[in-house]
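Biologist: I have a model open and want to learn to read it. Can we go through it feature by feature?

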Amino acid sequence: MKVITDLQEKMDISVGQRLFTCIDGKDIAIFNVDGEIYAIDDSCPHSGASLFRGTLLDGYMLKCPAHGLSFDIRSGCMKYGTGMAVRTYTSKLVDGEVVIDFSEIKNKEKRV
Ligand code: FES
């Protein structure tokens with residue numbers, strides 16, 4: 001599977017894998033969960049730790065390695081949609097390749 005960004009950068013990412021990239025100065029963590037692609041800012045809204053090395057729980061809840069807060073990589077929200085949120089981007093398959101639309105933010109970062 002390929003990842004194409006708005007900069008035409010291509011990367012391989014298979015089911016169950018994740019990758020880190022820096023695009024236009026933005027650190028992005030990309031996850032392939034059961035063939036669905038999720039792209040989020042690689043910055044925890046709590047204190048800025050990298051989320052890329054976090055632990056995925058229950059498939060979609062990403063636990064920050066710094067202090068343990070968890071965010072749903074589908075929405076960027078914490079459990080029950082309350083509190084802080086991590087910025088997430090719309091991504092979809094196009095002709096078998098993944099397109100991440102950085103102009104369409106699903107959820108903005110929210111800090112408390
Ligand atoms: S920096 Fe992520 S929980 Fe504190």
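Biologist: How many bridges pair E6 with strand E7, and in which sense, parallel or antiparallel?

Modeller: The general idea comes first. Strands of a sheet pair through backbone hydrogen bonds, either parallel or antiparallel. Here, in this predicted model, E6 and E7 (residues 61-63) are antiparallel, with three bridges. Look at Leu-56: its bridge partner in E7 is Leu-62.

Biologist: Which strands form the open sheet, and in what order?

Modeller: The order is E6-E7-E8, three strands with antiparallel pairing. Strand E6 (55-57) and strand E8 (70-72) are at the edges. Each has a single partner strand, so one side of each is left without a neighbour in the sheet. On average, neighbouring strands of this sheet are turned by 30 degrees against each other, direction ignored.

Biologist: What is the value of phi at Asp-58, and where is that residue found?

Modeller: Start with the rule. Most residues other than glycine have a negative phi. Asp-58 has a positive phi, near 50 degrees. Asp-58 lies in the loop between E6 and E7.

Biologist: Now the hairpins. How many bridges join strand E3 to E4?

Modeller: Six bridges join E3 (residues 18-23) to E4, and the two run antiparallel. Follow the partners across. Leu-19 pairs with Ile-30 in E4. Thr-21 has Ile-28 as its bridge partner in E4. E3 and E4 make a hairpin with two residues between them. In that turn, Asp-24 has a positive phi of about 55 degrees.

Biologist: Where is Asp-34 placed, and is it buried or exposed?

Modeller: Asp-34 sits in the loop between E4 and E5. Its phi is positive, near 55 degrees, in a residue other than glycine. Asp-34 counts as exposed because it has 8 C-beta neighbours inside 10 Å.

Biologist: Which residues touch the most other members of the largest nonpolar core?

Modeller: Ala-39, Ile-40, Leu-51 and Phe-71 do, in a core of 20 residues. Strand E4 (26-33) and strand E5 (36-41) each supply at least two residues of this core.

Biologist: What does Ile-40 touch, leaving out residues up to four places away in sequence?

Modeller: Ile-40 touches Ala-29, Leu-51, Ile-73, Gly-76, Val-86, Arg-87 and Thr-88.

Biologist: Let's step back. How many helices and strands are there in the protein?

Modeller: The protein has zero helices and 10 strands. Buried residues make up 27% of its 112 residues. Take the contacts with a separation of 6 or more: residues 24 or more positions apart account for 33% of them.

Key: Residues numbered from 1 in each chain as written. Predicted model: local features only at pLDDT ≥ 70, side-chain atom pairs only at ≥ 80, totals over all residues. Helix = DSSP H or I, 4+ residues; strand = E, 2+ residues; numbered from the N terminus. Buried ≥ 20, exposed ≤ 12 C-beta atoms within 10 Å, placed from the backbone. Contact = placed C-beta atoms within 7 Å. Core = buried A, V, L, I, M, F, W, Y, C linked by C-beta atoms within 7 Å. Pairing = 2+ DSSP bridges. Axes fitted to C-alpha atoms, helices over the stretch in contact; angles between N-to-C directions.
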